[in-house]
Amino acid sequence: MSKELGNVLLGGGSGFIGKHLTSLLTSKGYNVTIISRMPGASRISWTDLQTKGLPESTTAVINLAGQNVMDFTQRWTTGFKQNVFNSRVKTTASLAEAIAKAPKRPKVFVAISGVGAYKPNDKEYTESSILENFDFFSKLCIEWEKAACLPKEVTDCRQVIIRSGVVLGRDGGMIKQLYLPFFLGLGGPVGSGMQYMPWIHIDDLTRLILFSIENNVEGVYNGVAPTPATNKEFSNAFAGALSRPAIFPVPKFVFNALLSEERANMITKGQKVLPQRYQEAGFTYNFPNITVACQDLVQKKA
Ligand SMILES: NC(=O)c1ccc[n+]([C@@H]2O[C@H](COP(=O)([O-])OP(=O)(O)OC[C@H]3O[C@@H](n4cnc5c(N)ncnc54)[C@H](OP(=O)(O)O)[C@@H]3O)[C@@H](O)[C@H]2O)c1
């Protein structure tokens with residue numbers, strides 16, 4: 001471990017990805033301070049950040065904060081959408097501001113964004129693809145990434161934006177919700193299942209974040225596995241890992257009715273996204289294909 005990069009400040013570190021990242025970073029010898037709305041040991045609040053700035057000797061800053069979009073108990077109302085937006089854009093902007101004002105800057109700022117930045121169609125997307133503002137999620141990603149931009153005069157802090165795909169882990173995100181129906185043999189593809197589902201195993205995402213802290217990388221990176229999978233390929237791989245069939249397709253209209261079409265599009269439509277820049281930078285994936293990733297998820301304890 002680089003001694004210079006010892007103290008990590010982690011927005012949203014109490015969540016699914018944050019917990020996995022904290023355990024990876026601490027296992028490597030980093031100290032992690034979480035920014036949370038809830039008090040606790042090794043935590044500060046967003047108000048502390050705004051009033052007191054970055055904790056002394058912060059060497060890396062990461063933001064993973066954001067209201068859970070797929071919280072199905074929440075209706076897709078204007079108010080909830082505002083919360084989804086603000087919880088990402090404002091927290092990211094607060095961190096960028098604190099970094100700009102810090103008397104001694106951290107070496108790196110890693111901000112997460114999403115593949116919702118890319119319009120679902122037949123294209124193959126890399127980081128150099130042009131983004132379009134075509135719906136709520138693309139606008140969110142564009143504003144989220146803009147909020148992460150440090151002022152031009154800040155030249156001593158590397159900036160990395162990771163456009164993450166669906167993160168696959170046994171204890172959170174999509175798999176936590178799908179585990180039971182698939183375990184009961186009731187799983188299947190969504191709609192035709194032909195839509196791509198950009199995905200990444202949780203261990204590889206946290207390793208990508210660590211890689212971004214420890215290596216001289218900068219700019220936008222797609223945080224997805226190198227082997228894209230369609231929704232049907234994912235369903236077959238996950239059901240297969242559980243030794244179950246995946247024969248019950250869920251029609252699109254069910255998701256549209258349950259989640260509202262705008263939010264359901266994240267599942268019913270998809271993009272083919274490639275992690276060109278991480279591969280060029282020499283990152284090696286532990287879970288490059290969906291079959292191996294699903295087998296690992298099923299073997300892990302919840
Ligand atoms: N999971 C995925 O598949 C995936 C894919 C692409 C991108 N991402 C992005 O990665 C980030 C982390 O995802 P995750 O799956 O770890 O999410 P998560 O488990 O829901 O955790 C997000 C964290 O954000 C904080 N948070 C929630 N609502 C907030 C609000 N209104 N204001 C400020 N902070 C709030 C919470 O921390 P406190 O309660 O401690 O404040 C929470 O622990 C999110 O921004 C998400 O959009 C996730």
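## A first look: two crossing helices

Is the crossing of α1 and α6 right-handed or left-handed? In this predicted model, the crossing of these two helices is right-handed. Helix α1 covers residues 16-27 and helix α6 covers residues 202-214. Two packed helices are described by the angle between their axes and the distance between the axes. For α1 and α6, the angle is about 60° and the axes are 9 Å apart. That angle makes α1 oblique to α6.

Which residues do the touching? On the α1 side, the contact is made by F16, I17, H20, L21, L24 and L25. On the α6 side, I202, D203, L205, T206, R207, I209, L210 and I213 take part. Sorted by class, this contact has 10 nonpolar, two polar and two charged residues.

## The sheet

Now let's turn to the strands. Strands of a sheet pair through backbone hydrogen bonds, either parallel or antiparallel. Here, seven strands form an open sheet in the order β3-β2-β1-β4-β5-β7-β10, and the pairing is parallel. The edges are taken by β3 (43-44) and β10 (219-223). Each of these two has a single partner strand, so one side of each is left without a neighbour in the sheet.

Strand β1 (residues 7-11) has four of its five residues buried, so β1 is largely enclosed by the rest of the structure. Strand β1 pairs with strand β2 (residues 31-35) in the parallel sense, over five bridges. If you want to find one of these pairings for yourself, look for V8, whose bridge partner in β2 is V32.

How many of the seven residues of strand β5 are buried? The count is seven of the seven, so β5 (residues 108-114) is largely enclosed by the rest of the structure. In a regular strand the side chains alternate between the two faces of the sheet. You can follow this along β5: V108, V110, I112 and G114 point one way, while F109, A111 and S113 point the other way. The residues of both groups are buried.

## Helices α8 and α9

Here is another pair of helices to look for. The axes of helix α8 (residues 252-259) and helix α9 (residues 261-268) come within 7 Å and cross at roughly 140°. That makes α8 oblique to α9. The crossing of α8 and α9 is right-handed.

From α8, the contact uses K252, F255, N256 and L259, and from α9 it uses E261, R263, A264, I267 and T268. By class, four of the residues in this contact are nonpolar, two are polar and three are charged. Within α9, the residues R263, A264, N265, I267 and T268 are buried. The buried residues of α9 pack against α3, α4, α7 (231-241) and α8.

To finish, zoom in on two single residues. T91 sits in helix α3 (residues 78-101). Its relative accessibility is 11%, so T91 counts as buried. Leaving out residues up to four places away in sequence, T91 touches W46, N63, A65 and N86.

F182 belongs to helix α5 (residues 173-183). With a relative accessible area of 3%, F182 is buried. Setting aside neighbours within four places in sequence, F182 is in contact with G187, G188, S235, F238, A239, L242 and R244. Along the chain, F182 and N121 are 61 residues apart, and their C-alpha atoms are separated by 28 Å.

How values were computed: Residues are numbered from 1 along each chain as its sequence is written. This is a predicted model: local features need pLDDT of at least 70, side-chain atom pairs count only at pLDDT 80 or more; totals for chains, interfaces and linings use all residues. Side-chain values use heavy atoms; hydrogens and water are left out. Axes are lines fitted to C-alpha atoms, for helices over the stretch in contact, and angles run from 0 to 180 degrees between N-to-C directions. Angles under 35 degrees count as roughly parallel, over 145 as roughly antiparallel, 65 to 115 as roughly perpendicular and the rest as oblique. A crossing is left-handed if the near helix is turned anticlockwise from the far one by less than a right angle, and right-handed if clockwise. Contact means heavy atoms within 4.5 Å. Ala, Val, Leu, Ile, Met, Phe, Trp, Tyr, Cys and Pro count as nonpolar, Asp, Glu, Lys and Arg as charged, and the others, Gly among them, as polar. Buried means under 20% relative accessible area, exposed over 50%, partly exposed in between (1.4 Å probe, protein chains only). Two strands pair if DSSP finds at least two bridges between them.
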